[in-house]
Structure formats: structure tokens, C-alpha cells
Amino acid sequence: MKEEAKDRRLVSGLTTPQSVWELQRALHAKAKREPACRFYSLYDKLYRRDVLHHAWRCCRANGGAPGVDGVTFEQIERAGLDGWLEELMKELREKTYGPEAVRRVWIPKPGTDKQRPLGVPCIKDRVVQMAAVLLLEPIFEADLPDEQYGYRRGRSAHDAIRTIHGLLSRGYREVVDCDLSGYFDSIPHAELMKSVARRVSDGAMLALIKAWLEMPVEEEGPGGKNRTSKAKDSGKGTPQGAPISPLLSNLYMRRFVLGWKKLGWEAKLGARLVVYADDFVILCRSKAEEARKRMQEIMGKLKLVVNEQKTRTCRVPEESFDFLGYTIGRCYSPKDGHSFIGTRPSAKRVSAICQKISQMTRRESYWKPVGMMVGELNRTLRGWGNYFSLGAVSRAYRAVDNHARHRLRQWLNGKHRSKGVHPVRHCAMTLHKDLGLARLAPMTANRTHAGA
């Protein structure tokens, strides 16, 4: 019963309603039992009230800014959620629903000074897409290979890191660290729709997915709002930020994983894949350069572009590589100094969290009560520490702790000066014991290595 309840959890602690979970279980069981089965009756389940309501709950838990229509979650709730859902059910049932444009925003790319585009659909589109995910995910989950870890229930980035560590420990020391240029923007619609249609024959559902792929993009510029139909005109791309996007990206990357195996490169080269969304590595006992060449050939056939400058081969432990924010390679024991193959938070990610803490404690935030600031810092520190919890973390934890203390001291003194109060020296005990600032360092004793 515990495992069954765990399977029903989706996001932010939400439990899938019994009726929706039973539907998902039936779809998954049929897909698993019949690998060639095509599902022809899905659209009518899209506007079931229990499915739409749970899709709303998932989107509400994820939060996020409004789309191009400016409608927020709070506005919908004030006006009446039941009425809003009824209207959406009617639009879907009568097939008058059509997606709006996606609002494009730019967000920082972790560990760099660059930015990446993010598509923000309207809340109505998010809810309908999430409803589609609730139906499609159980079907395609039956087909996704074990090598894929991203955006899958019961799998995580930590699982991918542990798998890599296990392969390295078993002698797969030559690594192809792969990078694709603009994967989400490059996925060809025609080929992607073939991957969807392999399992879905419901014309209304296929038409809806195609419409989502072709949504125009609206972006605020110096001259005002600018709307383009690049995705429709080019016939490629899926907007990052849309609920349907992770599932579709996994579905297309599956083509690469299957191609790698069916062409025999896994067996011929002794080369294993570990894939997380569009990030992946190839681990070999030898012949890494040959593996890189074959990977590029397959990606060319899939109409995807390999970033030649960022894709590299290396041999561990003589060299290291970064994957999902971790540096994987030679580490040293803080106790006796002996070396081992392990993982640690990458320098880029340590720098990124320190920069975020600096931004949080700028003078513009002097108006905040001390308790509020400490609470915000603690949530940031614990979130970062929970993700970067594998392997040799003590040095990174000390660096982040030191920076957090330094910035909080500066913030407290700046806040006091702004009120005409003479600044005082805040010792570490005051910051941690009296003010309650979290520390990452004591968590080190509870951390485990990224073993297989």
C-alpha cells in the first residue's frame, strides 16, 4: 500500500485522485502489455472533470507568472474555479478550445552569465497540457528506456549521477561529454509527431499536440510586444516551460537511445548511455573517439546539432567532467587525503549559489525584517544542499556557509546604518544560534557518496 500511495504522488506533495490514478494505471498496464497498441480514445478523457481538476491542482502547485492574457491563478480563484473549469470542459468537449501565444521570458542559465529562453503559456493552456500529460505519460512511460532519467516519476538526477559513478567504478573510464545546440528549439515537428502517433491514433489529441507545438511566441521588446510564428514556419521546436514539453522532449530523445542500441554501438564499442533530458554522456571502456563519431552520425539523422566546442572526450580519473551540476572525477578524502573517483558540486554551481545569496542580500532588501531574510536564505541554502548532497561536498558546503555568513553580516550592518544605528560585529554563533541561519556543513555527516 505504501508503494501504491507513492506512485500516486505527482508534484508538491499532491496525491493523484483515486479515479485519475486508476485511469493512469489502466493506460500504463495496456501500453506495457501491448507494445504495438495505439490508443484511439483519449480526447474524451481530457475533459473529464476529475482529470481537469487535478491538472489545475498540479499547475497551481507549480505556480508561475501569467501568460499573454495576464490572467493569474488568484484571479481565476476569486472569480470561481468551478465555473472556470466548467467553461474549459465545454470548450474542449465542443472543440472550440484553441491555445494562445506563449509569452517568452529570459532567465539566468545556472552557473553562467548567460540567459536562456523560457516559454510561459496562459494558465488555461497549462491546465489542458497538464491534463494531456496525465493521460499520455503513463502510456509513453512504458516505452522509455532505462537510460533516460529526466522528467520521469520515480527517477531523478541523483539516480543518473549514481549510475555514472557505478559505471566508472566498473571500468567505463573513457567518457564522451556531449552537448546539443538548442535541443528544445531543434526538435523537428514531423518526426516528433510520428513518435507520438506510434502510440496515439486519436486524431483530436494529435491535432491538439500539433497546435501546441505551433503556438506563436510573444516577446516584450524596446518597440513593444512582438509576436512571431517561428515554430510553425520552421516546423521545429517545443517551448521550454510548457507542461507538455518535457514529455515530448523525452519521447524524441528516445529515438537516439534506441538508435544507439539497434545499430549495435552499445555492444560493439562497450559504450553505455546516461541521459537526462537533453544532457547525456557516453561511458566506454575504450574507443571514446569512435563513440563520439557514431553519436554525431545518429544526431545528424535526427536533425539535431551537436555543439562541437562543448562536446569533448576525457579519461577519468586523469580528467574530470561536469554533469547535472556535479563535477565527476578524482576527489580527495578530507580525513587522510587518499584519492578516489567521486562527485562534488561543480565550481560553476558553487559560484552561482554564492551570486544568488549576494543578490538576495543587496541593499534594496534592507526593508525586510531579519526573520524574513534569514528564512529566505535558509530555504535557498537547504534547497541547494538537498540537491548537492552526493559525494565530496564538505569543501563546497564550507565555501557556501562562509559566503552566507559574510553576506548576512554585511546586510545586517547595512540595515542598521540605514536606520542610523552603529554597526556591530555578528559572530558565527549569533548568526546561527540566535538568528537561526542554516548551516550546510553539519549536514555533511549524513551525506553518502554517489555509489551505484
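A salt bridge here is a side-chain nitrogen of Lys or Arg within 4 Å of a carboxyl oxygen of Asp or Glu, and the tour that follows runs through a predicted model.

Begin by selecting R292 and E308, which form a salt bridge whose closest N and O atoms are 3.4 Å apart. This pair links distant parts of the chain, since R292 sits in helix α15 (residues 288-301) and E308 in the loop between α15 and β8 (312-315), 16 residues apart. R292 is buried, at 14% relative accessible area, whereas E308 is partly exposed, at 48%.

Next, select R60 and E77, where the closest N and O atoms of another salt bridge lie 2.9 Å apart. R60 belongs to helix α4 and E77 to helix α5, so the pair ties together parts that are 17 residues apart in sequence. R60 is partly exposed, with a relative accessible area of 28%, and E77 is also partly exposed, at 36%.

P66 is partly exposed, with a relative accessible area of 24%. Leaving aside neighbours within four places in sequence, P66 is in contact with V71, T72, R103, V120 and R126; the C-alpha atoms of P66 and V120 are 7.3 Å apart, although 54 residues separate them in sequence.

Two further salt-bridge stops are K210 with E214, whose side chains meet at 2.7 Å, N to O, and the network that links K30, R33 and E34. The count for the model comes to 25 salt bridges.

Finally, select K109, K114, K310 and K348, which form a positive surface patch; K348 is found in helix α16 (residues 347-360).

Methods:
Residues are numbered from 1 along each chain as its sequence is written. This is a predicted model: local features need pLDDT of at least 70, side-chain atom pairs count only at pLDDT 80 or more; totals for chains, interfaces and linings use all residues. Side-chain values use heavy atoms; hydrogens and water are left out. Buried means under 20% relative accessible area, exposed over 50%, partly exposed in between (1.4 Å probe, protein chains only). Contact means heavy atoms within 4.5 Å. Patches are made of residues with over 30% relative accessible area and no salt bridge: like charges are joined within 9 Å, nonpolar side chains (Val, Leu, Ile, Met, Phe, Trp, Tyr) within 5 Å. Accessible areas come from the Shrake-Rupley method with a 1.4 Å probe; for residues, only the protein chains shown count as cover. Lys and Arg count as positive and Asp and Glu as negative; His and the chain ends are not counted. The place of a charge is taken as NZ of Lys, CZ of Arg, CG of Asp or CD of Glu. Helices (H or I, at least four residues) and strands (E, at least two) are DSSP runs, numbered from the N terminus.
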